[in-house]
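Dear colleague,

My notes on it follow directly after.

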Amino acid sequence: KFKGVIFDLDGVVTDTAEYHFIAWKDLADRIGIDIDIEFNETLKGISRGESLERILVKGNKQNDYTQEEKDKLLKIKNDYYLTLLEKLTPKDVMDNIHDTLEYLKENNFKVALASASKNAPLIINKLELNEFFDIIVDPTSVKAGKPSPDIFIEGARLIGLEVNECLGVEDSEAGVTSINDANMYSIGIGSELNLKHANIVIPSTSALKNTIISVVESSLIE
Ligand code: G16
Ligand code: MG
């Protein structure tokens, strides 16, 4: 039944969350807003523009900036983030992801990337994973970001599959909601506590390949 897998990027393929945090923290400091690592959790899977809105709300400064000023702030954040990405190498691919992608390729699964990040093509390049992805969804091509299902639905469309033929892999609460509302089978990576709405939760990517194999096999005998 399952013929495709649609991956989230940050927190699943590689851990860029820390780099996002360093860059957001620097920006927030500049405008006198204090953010901590716990607050950063709520930004996972959330687009760049929406993340800034949430930071401004946190500092009660949501009405202090024009769109033009916000665009400048977003550029400062992204420029810093890009310098941090320079350090990224294939060693930064998360545990078991390479094996999983190789398995999917050998078994003719379609594979898509559904990341909120506009930097996703650059990151996949630096990780040297291009050959494994049939498509990378352009997050600006869909109406609404995660938790809306749009990006996963678009991923399925671009690889030519029905949503119920796809598995989605996510580490964020918003992302799992996005997969579920796209009517796909969701695999959550992380804590049961945050991801209890996923069809199956595994604590880390280490068991991803075997989890995918067992989900695919049990769908065949149903
Ligand atoms: C990632 C991160 C988010 C980030 C978003 C946009 O989402 O988890 O924290 O805000 O991308 O990134 P950029 O500023 O590079 O466009 P995902 O969907 O890969 O988890
Ligand atoms: Mg993520």
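In which loop is Asn96 found? Asn96 sits in the loop between α4 and α5. Please bear in mind throughout that this is a predicted model.

Confidence

The protein has a mean pLDDT of 96, and 100% of its residues reach 70 or more. For the complex, the predictor reports an ipTM of 0.93 and a pTM of 0.94.

Most residues other than glycine have a negative phi, and most peptide bonds are trans.

Asn96 has a positive phi, near 75 degrees, and is not a glycine. This residue counts as partly exposed because 17 C-beta neighbours lie inside 10 Å. Asn60 likewise has a positive phi, of about 55 degrees, although it is not a glycine. Its position is the loop between α3 and α4. Asn60 has 9 C-beta neighbours inside 10 Å and therefore counts as exposed. Asn183, which follows α8, also has a positive phi, near 65 degrees.

As for peptide bonds, the one joining Lys146 and Pro147 is cis, with omega at about 10 degrees. Pro147 belongs to the loop between β3 (135-136) and α7.

Surroundings of the ligand

Ligand 1 is surrounded by 19 residues. The closest of these are Leu9, Asp10, Ser115, Ala116 and Ser117. By class, the shell consists of 4 nonpolar, 10 polar and 5 charged residues.

Helix packing

Two helix pairs are described here. In the first, helix α3 (residues 48-58) packs against helix α4 (residues 67-85) at an angle of about 110 degrees, and the two axes are 10 Å apart. The two helices are therefore roughly perpendicular. On the α3 side, the contact involves Arg48, Gly49 and Leu52; on the α4 side, the partners are Lys70, Leu73, Leu74 and Asn78. The contact of α3 with α4 comprises 3 nonpolar, 2 polar and 2 charged residues.

In the second pair, helix α5 (residues 97-106) and helix α9 (residues 208-221) cross at roughly 35 degrees, with their axes coming within 8 Å. Ile97, Asp99, Thr100 and Tyr103 of α5 make this contact with Leu208, Lys209 and Ile212 of α9. Sorted by class, the contact of α5 with α9 has 4 nonpolar, 1 polar and 2 charged residues.

Glu217 also lies in helix α9. With 10 other C-beta atoms within 10 Å, Glu217 is exposed. The C-alpha atom of Glu217 is separated by 9.1 Å from that of Lys1, although the two residues are 216 apart along the chain.

Helix α8 and its setting

Helix α8 is mostly covered, with 7 of its 9 residues buried. Those buried are Glu173, Gly175, Val176, Thr177, Ser178, Ile179 and Asn180. They pack against α7 (150-158), β4 (166-170) and β5 (185-189).

Leaving out residues up to four places away in sequence, Thr177 touches Pro147 and His197. Thr177 and Ala198 are 21 residues apart in sequence, while their C-alpha atoms are 7.9 Å apart in space.

A buried loop residue

Leu129 is located in the loop between α6 (120-126) and β3. Leu129 counts as buried because 21 C-beta neighbours lie inside 10 Å. Neighbours within four places in sequence aside, Leu129 is in contact with Val93, Leu101 and Ile124. Leu129 and Pro90 are 39 residues apart along the chain, and their C-alpha atoms are separated by 8.2 Å.

Yours sincerely

Notes: Residues numbered from 1 in each chain as written. Chains lettered and ligands numbered in written order. Predicted model: local features only at pLDDT ≥ 70, side-chain atom pairs only at ≥ 80, totals over all residues. Near = placed C-beta within 6 Å. Nonpolar A, V, L, I, M, F, W, Y, C, P; charged D, E, K, R; others polar. Axes fitted to C-alpha atoms, helices over the stretch in contact; angles between N-to-C directions. Helix = DSSP H or I, 4+ residues; strand = E, 2+ residues; numbered from the N terminus. Parallel < 35°, antiparallel > 145°, perpendicular 65-115°, else oblique. Contact = placed C-beta atoms within 7 Å. pLDDT = per-residue confidence, 0-100. Buried ≥ 20, exposed ≤ 12 C-beta atoms within 10 Å, placed from the backbone.
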